[in-house]
Every structure is written in C-alpha cells, then in structure tokens.
Amino acid sequence: MTGNLSTFSGSMQSPTGAVMVIGGGISGMQSALDLANAGIKVYLVESSPAIGGKMAQLDKTFPTNDCSMCIVSPKLVEVGRHKNIELFTHSEVKELTGNAGSFTATIVRHARYVDVGACTGCGLCEFVCPVTQLSYFPEVPAEGEKKSRAKAKVKRVIKGPGLPQPTSAHKWTFTVDDEACAMCGMCHRACLHGAISWEKKQKAVIDQAKCTGCGACLVACPEKFLAIKVADAPDLEKSIGAAVYARSVSLKKEFAGPEAQDCIRCGLCAIACEKVMNIGALKMVEEGIEAGVDICQVCGACVSLCPVNYLSIDQVTSRTPRPLLNRFNEGLNGRKPVNIHYPQAVPRVPVIDEKSCVQLNSGACGTCATICGVGAIHYDHREVETTVDIGSVIFSPGIEVFDARVRGEFGYGLYKNVLTSIEFERLLSASGPTSGTVARPGDGKHPQKIAWIQCVGSRDHSCDRDYCSSVCCMYATKEAFIAREHDSAIEPTIFYIDMRSFGKNFDQYVNRAKEHKVRYVRAMVSRVFEDPLTGDLELRYVDESGKRQREVFDMVVLSVGIQVSQSTKKLARKLDIALDRYGFAVTDCYQPLATSRPGIFVSGAAGGPKDIPETVCEASAAAEAASASLAEARGSLITIDALPPERTPGPDDELRIGVFICHCGTNIASVVDVDAVTAYARTLPGVVYAEHPLYTCSQDSQERMREIIGEHRLNRVVTSACSPTTHEPLFQSTLQQAGLNKYFFDMANIRDQCSWVHPNDPDLATEKAKRLTRMAVANATAGVPLDELEFAVDARLLIVGGGVAGMTAAVEAARQGFGVYLVEREAQLGGQLLNLQRSVDGRKFSDFLQTLTEKIAADERIRVFTSSEVVEQSGFVGSFQTDIVMPSGATRTLKHGAILVATGAEEYRPEIHGLGTLGHVMTQTDFGAVLENGSLDTRHHPSVVMLQCAGSRDEEHLAYCSRVCCNHAVKNGLRFKEMFPKARVDVLYRDMRCYGLGELDYRAARQAGINFIRFDPETNPVTINAGEAGIDITVTDPSIRLPVRLQPDLLVLSTGMKSRDTEELASMLRVPRNKAGFFIEAHAKLRPVDLPSEGLFMAGTAHGPKSSTETIAQAQAAVARVATLLSKKSLKMSGIVSRVDPTNCAVCLTCVRACPYGVPFINDQHSAEINPALCQGCGICVAECPAKTITMGRYDDRNIRAKIESYSAS
Amino acid sequence: MLPCTGRIDESLLLKAFENGADGVMVIGCLEGDCHYISGNIRARARVERVYAILERIKIGPNRIRMYNLSAGEGSKFAAFANEFVNQIREVGPSPINLVRGATKTEAVTAKETT
C-alpha cells in the first residue's frame, strides 16, 4: 500500500501537513473531516456555490429510507464550522505543481459578488430580485459614447377581459418639483385619470384627489428633468427597486389570487421597466398596458412584480423568453440571478449569476445591494487566485447523471412526463419544486401508474457506457417505495435486466418493496410513445414469456446511470492522473485509492460507480492514504483555540442574565415584534441586560456579545434566535471566549418554531416568542456549570483479526505513527486470502500477502499475537484494556486507545449437490485452486457448470446475497476459458450482479463464449442429479424458452460467504451483530466503519461480504477513523452525562437494566456508578431511577421543571 | 427540548398538567429509529401509564399522546400538532384549570431533538 508514496519517503524534505480535497460532496466532506480531525489542515475546493454534492439532492436513502438531507446536514454544518477546513466554494483548481509531500496548488475563487464573511444567508436579495429570465441585454455604449436608449418600433397592447380598474391601495404620493419641471407636458399626456393640469409654458400640478398613484407621470417625465417626486413609498430611501418590491408585496397580499386578474393600474410594471431596468418598454394606455415588444430585454421583472398576474412573459416581448432554471432542482422550477444554491446550503450565501444579473450586464437595477442589511453585495468582485502548499491531494469530484436524450427512444426532453431519476428525486423531496407532491410536469396531474426503466446509460455498449452504475436498481426501488408512501394510489413498475441488490440488507429492501406493491418486470423496454392529447405514455416491451406487450403509464422515470463529466476529465488532465476509457480514475486493486500520480488519491464515484456508504468508506480511506506519509507533519498547520480561564461562580453570586433577541434580518423581525420581546425580557427575574441585534450570529454581534458579557458581568446568556442545532455551538464558544462555562446558556428558537410557522399571526407569534424566551431564561437560571471530562488517549490500536483487513490496517496505522497490537486466532496471518488465488487483474494473492507480512515483521510499532484470542475487554474510548490468551496459555493485558474488529468471514460450505463428498463438485474457491495447481486433465477440454446462489439468497441457507460470487464466477470462468478455449462453461444464475466495472468482465465472459442461463428457484428451478457416475442438470433456458440438459465434468458451486463465530466477541465488546452474524455499523450510510460504541471500528468481511479490494479500502478507512481519536493527546467528553448520587442509591439495578449501552454498574462502594466517558447522554436512566438519584447536566429534572413552571407563569 | 423522549418521566408529564396544561404531546423518533436505541419505546410506555393515571383521577381521557416523527417531516409535525390541538379543543379545558378558573387551551409541547 505504500508503493504510491515511496518516491516521497526517501527524500529528506519534511512533508506539508495539509491536504487539498477536490469536491465537496459527501466524499470530499468525509475526507476533509477525517483529515482535519486528525490534525491535518484541509483546503476543500468545490466548484458549485455550496458543498453537499449529489447526496444533498436526494430525498431519501436506501436501504433505511433515512431522509438524505437530515443525515447530511450535520456534516455540512460540521465542515462549514471546522477551524481547520478552509472552504473554497464556487472555485476551481487551476494548477498543481510539485511532488507528493510538497505540492503547490493554485485555486481560483470565481467572483461570487456576495461577501461570504458578511452575508448572513437571510435570502432577502433573492426575494427582492425581480429577474426571472436570461435577458437580451441592450448593448452597453462604449466609453465616452452618449448613452441612448432604443425606442420601441413594434408595440402591442395587452388587454384584459375588462377595463383596468385603478386601485389606490398602498399608493405612493406623486408631486411635481417646481424647480425641475420643464413644462413639457409629458406627464399631463401620460396621466389617464385627468389628475394633472398643465398648460403650455406652465408647470404641471397634480390633483391629489384624482391621483390613483399609478406612477404614469413618473414614467413619462423625461430623464433629463426628473421633475416628478415620490413620497410615502416605503423603502424608497434604499432604491426605487426596493420600493417597487415593497409595494408589490403589499398589493399581492391584498389582491393576489390563484387566477390571473384584471389590471389594477398599480403601474409597478412600467415603473420597474423604466426606472429600475432602464428600458422603458412598458406604458399604461387606456385599455391596458402597451408593450414595446422589440425593445423588451425579457428580464421578467414586470411579470414577477405584477401583483395580480395580469402580465405574462410571452405577451410583453416578441423574443423567445429564456427562463432561469434552478440547477439544484434539476431545472424543474425557476430561480433568480441571485440564488442560494439550496435552503440548507453551506455556506448559505448566494451567488450572483454573471450571465443573467441585470446590474452586472447593463448597469441598471442593483436592487439587491440596496436592500442587503449587512452590505454584503459587491458588484465589483473579481475572481481571486490563491496558492496553497499541500502534501497530498484527494480527488473526489463526483459524477453527473447520464444525458438521457442520447437514448432518444425513451423520449426524454420531448415528452414532458418522461423524467430522469434525479428529477424524480427532487419531486419527492419536501424542499423540492413541488414540496414533495408527485405531480406530472406536463399538466400537474397526480400520476397513478409510474414506470421506471433501468439501465438507461448503463450496461449499454451502444452509447459507450458498458459499465453498471451500481446504484440504479436500489434507487429505483427506493423511489418507487417512497412514491407509494407519498401517495398510496401510485402503482409503480420497475423494468429491469438483472436486479442488482448486492449490498448489505439490499435484498430485504427489495422484498419489502415487493410487499409494498412495487411491481418488478424483467424486460427491456424498446420504446416509449406519448399520447399527445393526454400526455400518457405507452411502453413497448417483450415479456418473459416472449410476448410483445404494450402498456400505458402516466409517468416514466428513466433510471439514468452515472458518468464522469467533461469538466472532471479536464481537471484530471490538469492534475496529470490517468483515467480509463470512461473517465474513471485508474487505480490498483491493492491500492484502491492511489491514482497514477503519487500523492494524489481518488475517492468516491470518480474512481468507479458506487453508492453512499462505499463512497463514505473510500473517503475515509483516501484521507488515510493521503495523510499516512504526512504523519510527521501532523498538527503543524492547524489552529487550536486558546480559551481564557473560566470564571467560577460563587454560590451567593446574584443572577445576571443577558438576553439577545435576534431579528435574523427580517426573518424573525417581520413577524415577531422583537422590540416588545426585548422589553418583556428585561422584566424577567434575573435579567440585567437585553438587546435585539439584527443578526446575533454575525461576526461583529458575537464580538459585541463577548464584550457585553464582560461589561455587564453576565453569568447566564440566553439567545432567542434560530435553531440550536446549527447555532448553539457558535454561541457557546463565544461564552467560553468570555470566560463563562458554556452550559450557562440556553437558546429559544423563535425563527423556525415561531416566525416561520406563524407568519400570518404576528401578535400571537410575539406572545409565543415571549413565552419561549421566558422558558429559556428559566432554564438558564436553573443551569449549573458542567465540567467536560478530559482524559489522556493511549495512542495504540488493537486489531482483532489478522486477515487482509487486519494486516492492511496494522501497516497503515503504524505508518500513521500509532502502536498496533494485531491479534489473530490462527497460527498464521492472512485469513481468507490464504485460500484465494488471484486478484481481479490476475496477480497472485500469495505475493501480496508476502509483502504485507514482511512489512508487518519489519515495523517495530506492530506487535503480532498469533494463535491468540481476546478473552476480556474493559475501559472506554482512548483508554481500553484487553486481555488476550496466548498459545502458552498465559494471559496478557494490552492497553490501547481504540479497537478495530477485523474478524473476517469464511466461505460457506453447505452439503448440497454432493459438495464435500464428490470430487467433481466444488466451490468457486476450490475451483480457483484447481485452476492454479494445474490438476485439471488437460488432454480433453472439461466442461463446467457453475451454479450461482448455491446457498445464498436462500432462507434455508444464507438469506442474503454474498456480493462477490458473480464476479468470482466470471473471473474463474474467464481464466478457465483462457486455459481451455474450447471447453464449455455454463453459468446458471438468478441475477448476474457484476456491479460497477465488474460488468466489463461479465461482458468479456459472454464474448469469450461462456453461456449464461437464468433460473429462478420458484418459477424455473434447476434440477441437479450429482453422483459418482456424473452430473446431470436440467433447466429451462429463458432465452430460447426450451429445456436444456447439461452433463458437465465439473459442477462449481458459488456458495457465498458466511460470518465467523463472533458471538462471544460481540458480547464482550457490547457491539451488535445482525441476524446473519455480521457486525452492525453505527450508521448504514454515513458511518460504515464505525461500530456503535465510541472508539470501536470494523473493517473487511466482518461487516459483510465484500471483495479484497473493498476490504483493503475499508481497512484504510477504519484507520482514518482511528486516527481522528489516536492523533489527539486527550479527548473531551460532553458535559451532559448522567451522574449517580450514591447517598440515595438503593442498588435496585433499574439503571443497569435500562441503559441501552450497558454503562451503569455497581461499584465496590455498593452504589450504581456511571462512567462519564461511556455515557451517551440520553437520560433514560435519569427518568427510570425510582430513587431519583441520577442527575443529568442541563436536562435535569430541575431544568425541565423550571421550564414547565415558566410555561404557564405569565 | 430533550436529548431523547426516554429522558421524560411520569412526574414531569404530570407536572405539566399540574401547571395548567390541557394536553401534552410527546414527540419522539420513529419506532425502531431511536437515536438512543430504545428511548422512544420507554417513553411510549410512560405516556401510556400517565394516560391511565389521568383517566383514573378523572382528568383524562385523550389529554396525552405520543407521536413519532423523523427529523425531516416538518409538515407531518404541523399536521400532528393541529390534530392534537383539535382533539384537546374537543375535550375542553383541563379540570385543573376549571377549578382554578383558567381556560387556557394550549398544549405544552415536549419536542425531542436528535
């Protein structure tokens, strides 16, 4: 595994303790966090405006149906707040020079036009921006040239069914400025209500009684005079654009309905066009609005500002409108030129689109800058280049989806109700364009019959996508499943070739989907036809019995494959890393993360199609690979906060509470009367200070909060603002910087839980905000300072299991600088790999094991204990003790800071079809050995039948799919064919699960003449008679629909993988295993190598069946996770833990039984005791304790009672 | 806000009624999806016990209810809250409040964050 870095390790120069991670999807984020938490500085470069990647776009995730955004957003926040991760969003890598260990990268930050440091993410700019289209901007005159406006030659009057009805609601007051009036009479002619009196050579006068406030006079008054003055217009002091927006909002509240209405003569369209956009294409006339259709720039402002939907974009122009589409929502809805990538984006800072922003192109408008409360918008931003010194690079730019238009027969792009799967994902999402309603884009109708077509742009030689995209079978199942959850009337059908549900718990998921009425049809759809009247879609396919079928659906979802984008390929060329013909980074099966250029590592789907858990796993592994050679520079470039000593409050100290009520721009203040809440807070007992900052979280507000805490000697702080999930850590760190214990704090959420949900009830919302603030004050009053236990970390790792996972992890952990104990039950290291012959690329495993064994022997940091077993384990993260029994019978206690479980799995050997008794019946592993040792009779060409799923996916044997057998069969089949080209090979299979790039070998196997026959245990079973005399097999071949009889020389069974007996170990370590005996990870998606208990990790087949390459990656991933703990000198635990007061403990064992983590125990003082390092802080024991002698931090009875009492107090 | 609904116990739930709540909603993770493995199952049992107590002391029925939600189901939360508030409106003010002459109809909400 170290080959990649050997060029570096020989040099004398010390490496740079920083890594550049390219790509801010789930892969890049995980790499960044693992590196930064292990003392390596990270520069995270993301091309889009925010991190999150594809995962942020997904609705739910398989196979747990977890909400994707819910599980990814804590990661977003953690990355965004991490002191040692420097984010470069909306940025690109321009150049990379140097060598492994000391690269220099040039990063270009594209102009964002919004100051990331100042912006608070309130989103006001996006609301205010009137532009919805990509405009045809008028030519900007050359410098010095006189600016002249185009005059309309083609005019069209937009008429409603009735005559315009003027409104005087929210009207502005117009007056004539006598000084400026040139007596031209333009206003007099423009006024449609006879409100302006004018005579030649006389100044105009407006009769306020007749004026309806339409502003026609303002529009008509020539620019050189500007004699019409406006008054009573809210926000006019900011800009005319802001005033127009404000009036539009108030009129919309009054007039807007679901249907378009007649013009109300508010005049906003004409004012905006003339005064904001500087175009002047609109004019009010008797019958309606006159549009100069030839000079209209098609920005869409008039339409978006019209309070009654009177105007439509097609009417006002003769040009083709080009709507701006929301890229995050896959173009299913619109966006503004100033746009926050998505609601939970990190950073939650908009980007102004250079192509469509009016200000950047014509110099007009500029409304957003005038309305921004913190002055964050700067139209003069330019791109900025930064150079950073780094030791390694992680390449994780991710993938894009296949362009479904290439498969024209499905009509994507032509038929409105044919969607791609990622578009469907956005339809399902609660934050998507339809707020989670499944509706047809064509007509908004709720579809009933929905078809998914699999392998669109996957397994398809015709469009150069020969590989399998690995994820589509599962995501289609998930989408079908979730669609039915949204609307039980939906009847989903999935058309597929092979159901590749090869991952952990995937088959169960598909079975559950079948129970939930998801229909699976094994067929390739040949064409989709649209009924142009109804928008319904007819699918044509040949069913399994060979009959041609036509079936009509309401909606079709194309399960598009994944592919490498052109920009990624370009970037790879810039970085000088080798790509395969599809654009995936080339790697080595023993070094799955190393690219062709030393010091650059690949992670995620950029190295081949994969799902989220595999990506997360690889991301950790890449972090490990990238940092192993930088271990000596660990900690050299990171910053650690120095905090002032904490003030210790005396018992008689008077209560001095400070309360901060946040406006959150207008998010809170537009609904809740923050002045009133602040005044109310001042009346609460103990409150000595209260204020209401515009943005409590902004840098300057936090600085001020720190000063106020000192100045007013505050000993409690309460903020009433947004969500504690995102902002509590920020406020708490401010408390710490002011020398206050961070638990002297409480937070009321008066935004998400008040102003946002009660926008139409400001009075009650204000009352609720008062109450929430009161309760937070009561809780803070009851607060006590909590200590965060700090303890030293033992920088050694115990690895249980010396197979390829354990051995790889040992070598890598030692390279990271940690001590390793490697404990193996058998006498020899190597595990399952000792029985296997060759890797996918044909290299001998024995050579690989030899190299690993030598490395382990040569490294003095690794201590190996063979023929030894773990017998007892105690302690907690950072400080474990484990007893092992050695071959001598002696027990030895090992001390270490973390544990890696790598106990592996073994080949399943069921007694079926004569396996174990007949010489010509064997498993794939046996067959591999036979091929290797040359014991096959070479005189004739032996025929072979391989039986897949022989004992897998079978309730009587192994209920799950063993993932590796299909690839194993293909590999052995190809090797056999190479040796005996004329020999016949038949593979009997249920679904060929050659996922990812394994599909290429499957294709090669078919081309080599290996015959694949599909069977089904229920509808098309295989009959096998195996005896001494020979083997006789009958099965119906569905491709010819005829029974075939096979009498091979050899029967090779693909039997699958079964877990080892780890029951005892699991109970010793208190970690869960699933029904099949594989260990259960802490989180199926985002913590694939963590065990649920702190400090425990796993790798390899102990987690579930997987290939050797995947095992190596997982071992490296586990070491990265271990490094986040062992690289620290000490660990700090949360202060919110349960504590037992022994005086009242009755030793009833209730807490011992109630704790889901088995933490409480009875100590030698005869009292229950809870180790704070192990406590997870759920509070279950506190609630259960009959003696009420367990307390817990800020969630103590005292606190909850205080809140309940203050709820009803007034 | 609590770390887990498993933290809430009967005395605290009753405390809310004592302090004038007409109804109490307890909202935890989906069953089988508890962030702390089994806290919501324990909470459900406690809610059921309090339900029985309320019936026995003639304050109930239907004044306390356990709901399960995932963190991503804002609209479902709103639907649950509306449903529960309507339910309490039907049941009317708590006898405790009637005795004290108060007629508040709000419900104390214990919302778990995970």
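This is a predicted model: local features need pLDDT of at least 70, side-chain atom pairs count only at pLDDT 80 or more; totals for chains, interfaces and linings use all residues.
Select E13(A) and strand E14, residues 288-292 of chain A: the two pair in the antiparallel sense over four bridges. Show side chains on Met284(A). Opposite Met284(A) stands Ile289(A) in E14(A).

The three strands make an open sheet, ordered E8-E14-E13 in chain A, with antiparallel pairing. At the edges are strand E8 (155-159) and strand E13 (282-285) of chain A, each pairing on one side only. From one strand to the next, the twist averages 30 degrees.

Next, select residues 268-276 of chain A. This is helix H9, which lies across E13 and E14 of chain A and runs at about 145 degrees to E13(A).

Select strand E1 (residues 18-22) and strand E2 (residues 41-45) of chain A; they pair in the parallel sense over five bridges. Look at Val19(A): its opposite residue is Val42(A) in E2(A).

Finally, bring in chain B. Here 22 residues of chain A are in contact with 23 residues of chain B. On the chain A side, helix H4 (68-81), helix H32 (1180-1184) and helix H33 (1197-1208) are the elements giving two or more residues. Colour H33(A): the largest share, seven residues, comes from this helix. By type, the chain A side divides into 14 nonpolar, five polar and three charged residues.

Note on methods: Residues are numbered from 1 along each chain as its sequence is written. Chains are lettered from A and ligands numbered from 1 in the order in which they are written. Two strands pair if DSSP finds at least two bridges between them. Two residues are in contact if their C-beta atoms, placed from the backbone, lie within 7 Å. Ala, Val, Leu, Ile, Met, Phe, Trp, Tyr, Cys and Pro count as nonpolar, Asp, Glu, Lys and Arg as charged, and the others, Gly among them, as polar. Axes are lines fitted to C-alpha atoms, for helices over the stretch in contact, and angles run from 0 to 180 degrees between N-to-C directions.
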